[in-house]
Amino acid sequence: MAVAAEERLHVERKKPRPLSTNSAIAHAVKDLDVDVVAAYPITPQTTVVEKIAEFIADGELEAEMVHVESEHSALSATVAAALTGARAFTATASQGLELMHEILHIASGLRAPIVMSVAMRALSAPISIWNDHSDVMNARDTGWIIFFVSSAQEAYDTVIQGYRIAEDSDVLLPVMVAYDGYVMSHTMEPVVTEDRDSVLAYAPKRSFPYKLDPEKPVTLGALADPDWYYEIKYQIVEAMRRALGKAREADEEFGRRFGRKYGLVECYMCEDAKSLIVAASSYAATLKAVLPRAWEEGVKVGLLRLRLYRPFPEDLVVDALSRVDSVLVIDRAISYGAPYQGPLANEFSGLILKHGLGVNLVSVVAGIGQRRMVDDDFLKLARLAWEARTVRKPETIFYGVRK
Amino acid sequence: MRIDIRWHGRGGQGAVTASEIVAAAAILEGRYALAFPEFGAERRGAPVRAYTRISDTPLVPRTPITNPHIVVVLDPSLLTRETIEGLREGGALIVNTRLSPEEVARIVGLDREVRVAVVDAVKIAMETLGVPIVNTAILGALVRATGVVGLETTLRLVRERFKGRLGEANVEAVRRAYESTHIETILPPQTA
């Protein structure tokens, strides 16, 4: 224990440096000694791979940077690299993630342990370079582990945690680390980075166990007939279940070694709260700063920050929901024509039913295409969550839209 | 304790860089800070906004700043009523202009107590850098008028950001602006 305390002191002495989330991710890739990076530029992701290219050019990272002609090829090359046993990384956003979609399923189906960062951005058409969560919500059923992070520091830390989880032989699934495009990707803030030895001691390279090797040829991704395909897909279901415990363990061990941990969900100001707002990425960070104002006016609303989205940390979410009368779920994507048009709200609706929770649900869609949301808007959402304890709101609220 | 700074400039004047240097200085001095632009499809000459938030804790919103403690205006043509929208009573307004603080107050229709600091940043930039890029000069005025970050930290970061001779020229711009900034506390018309 004495050693742990000393380590913590050491941690506190570390000086943060100003980095954007994009730069922080590039630093994580460098500190993880990633072997192969394949990427195609897309706003607002581009500065991630630009910074990595700089590290390679300056000799700070010894890695192969594969220049490709599209995101489809970027992810294909990343998957192939991972299957040869290399530690592989890519980054994308928006249309880039959409173009990767086919390979997203192949990455999880082949159990490629890669990590990809996503600077979340709206989808065309009409063209928008601004932020929302449409890209990642369209990728939620692809067998990827998905994290939403709320700061540049957390992005750095989670990319590192990501490899430890992805490369675990009980998991072997790709990991997506998602954060708000522009609002986070291009915001400069303090970040503590770790030395490579400590990072590699935490996340040692555990290469793909069935790797492509000319000396010992294997076939990967062959035809699976109806007698086997189902079982292979079911193995992903089981790996996802195991990933939940591994993600928890990875976060706790990270906390022990580096003095920072986040939990799989974060319940903020939840004690004595009678209502919750569910939010992810930058909105969660903003709510932490704004909610004390709501409490001053007697609006006792807590924040449930969804950090791990897939696998869904069901027990933790149910535990938080079981202590409140209402929950307001903020979606920054639209599920067109669905019962609730917020995709997350639909999942929470199912969860409330599954566990027989007496919680009133409010579905709110906001921030589409980075529609401006200021502090007072979040205060209004807190009041809305509070009102919902006694007043049912059965339809999705499209906050801030001009009808 | 939180200090919110809103920057008004035009594409190419370096408002975003200035917002980042101030945040970096605060981080170096051991505080928490964010710097972010109002994200648009940037083009040279178009009005741009940037934000710097400095705080003792990481609990800060990631929203555009609507109630700044400090407003910095890099281009005098942007001086309108809108520039000071939400500027707090007792706050500061830092302007690159040849006008006096009183004249600036009149143009923006100042109706609350604000410290107005003016500096001819174009002249300083032309004489030190040879180009009308005013962001480093305006930093000198900001530091002088508000002390939001230290002069030495600012100079160190300017030197890191602009390498070699360009760094020294920018350091000179900060220094000269720091020395020549003219500051007046403007009171609301009824009490003046």
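How are α2(A) and α8(A) oriented to each other? The axes of these two helices of chain A cross at roughly 25 degrees, and an angle under 35 degrees counts as roughly parallel, so α2(A) and α8(A) are roughly parallel to each other. The model is predicted.

**Helix packing in chain A: α2 and α8**

- Two packed helices are described by the angle between their axes and the distance between the axes.
- Helix α2(A) covers residues 21–31 and helix α8(A) covers residues 152–166; their axes come within 8 Å.
- The crossing of α2(A) past α8(A) is right-handed.
- From α2(A), the contact uses Thr21(A), Ala24(A), Ile25(A), His27(A), Ala28(A) and Val29(A).
- From α8(A), Ala152(A), Gln153(A), Ala155(A), Tyr156(A), Val159(A) and Ile160(A) take part.
- Nine of the residues in the contact of α2(A) with α8(A) are nonpolar and three are polar, with no charged residues.

**Helix packing in chain A: α4 and α6**

- Helix α4(A), residues 71–83, and helix α6(A), residues 101–109, have axes that come within 9 Å and cross at roughly 10 degrees.
- The helices α4(A) and α6(A) are therefore also roughly parallel to each other.
- On the α4(A) side, the residues that meet α6(A) are His72(A), Leu75(A), Ser76(A) and Val79(A).
- Their partners in α6(A) are Glu102(A), Ile103(A), Ile106(A) and Ala107(A).
- The contact of α4(A) with α6(A) has five nonpolar residues, two polar and one charged.

**Helix α4 of chain B**

- Helix α4(B) runs over residues 135–146, and at 1.5 Å a residue its twelve residues should span 16 Å.
- The C-alpha atoms at the ends of α4(B) are 16 Å apart, which agrees with that expectation.
- Twelve of the twelve residues of α4(B) are buried, so this helix is largely enclosed by the rest of the structure.
- The buried residues include Asn135(B), Thr136(B), Arg144(B) and Thr146(B).
- Also among them are Ile138(B), Leu139(B), Leu142(B) and Val143(B).
- Gly147(B) follows α4(B) and has a positive phi, near 60 degrees.

**Contact between chains A and B**

- Chain B puts 19 residues into the contact and chain A puts in 21 residues.
- On the side of chain B that touches chain A, α1 (15–28) and β2 (32–37) of chain B each supply at least two residues.
- Strand β2(B) gives the most to that side, with six residues.
- The side of chain B that touches chain A divides into 15 nonpolar, two polar and two charged residues.

**Backbone features of chain A**

- Most residues other than glycine have a negative phi, and most peptide bonds are trans.
- The peptide bond from Thr43(A) to Pro44(A) is cis, with omega near 0 degrees; Pro44(A) is in the loop between β2 (36–39) and α3 (47–57) of chain A.
- Ala125(A) and Pro126(A) are joined by a cis peptide bond with omega about -5 degrees; Pro126(A) lies in the loop between β5 (115–120) and α7 (134–137) of chain A.
- Leu172(A), a residue other than glycine, has a positive phi near 45 degrees, and its place is in the loop between α8 and β7 (175–180) of chain A.
- Leu172(A) counts as buried because it has 24 C-beta neighbours inside 10 Å.
- Gln370(A) is not a glycine but has a positive phi of about 60 degrees, and Gln370(A) lies in the loop between β14 (360–365) and α14 (375–387) of chain A.
- With 19 other C-beta atoms within 10 Å, Gln370(A) is partly exposed.

Conventions: Residues numbered from 1 in each chain as written. Chains lettered and ligands numbered in written order. Predicted model: local features only at pLDDT ≥ 70, side-chain atom pairs only at ≥ 80, totals over all residues. Helix = DSSP H or I, 4+ residues; strand = E, 2+ residues; numbered from the N terminus. Expected span 1.5 Å × (residues − 1). Buried ≥ 20, exposed ≤ 12 C-beta atoms within 10 Å, placed from the backbone. Contact = placed C-beta atoms within 7 Å. Nonpolar A, V, L, I, M, F, W, Y, C, P; charged D, E, K, R; others polar. Axes fitted to C-alpha atoms, helices over the stretch in contact; angles between N-to-C directions. Parallel < 35°, antiparallel > 145°, perpendicular 65-115°, else oblique. Left-handed = near helix turned anticlockwise from the far one by under 90°.
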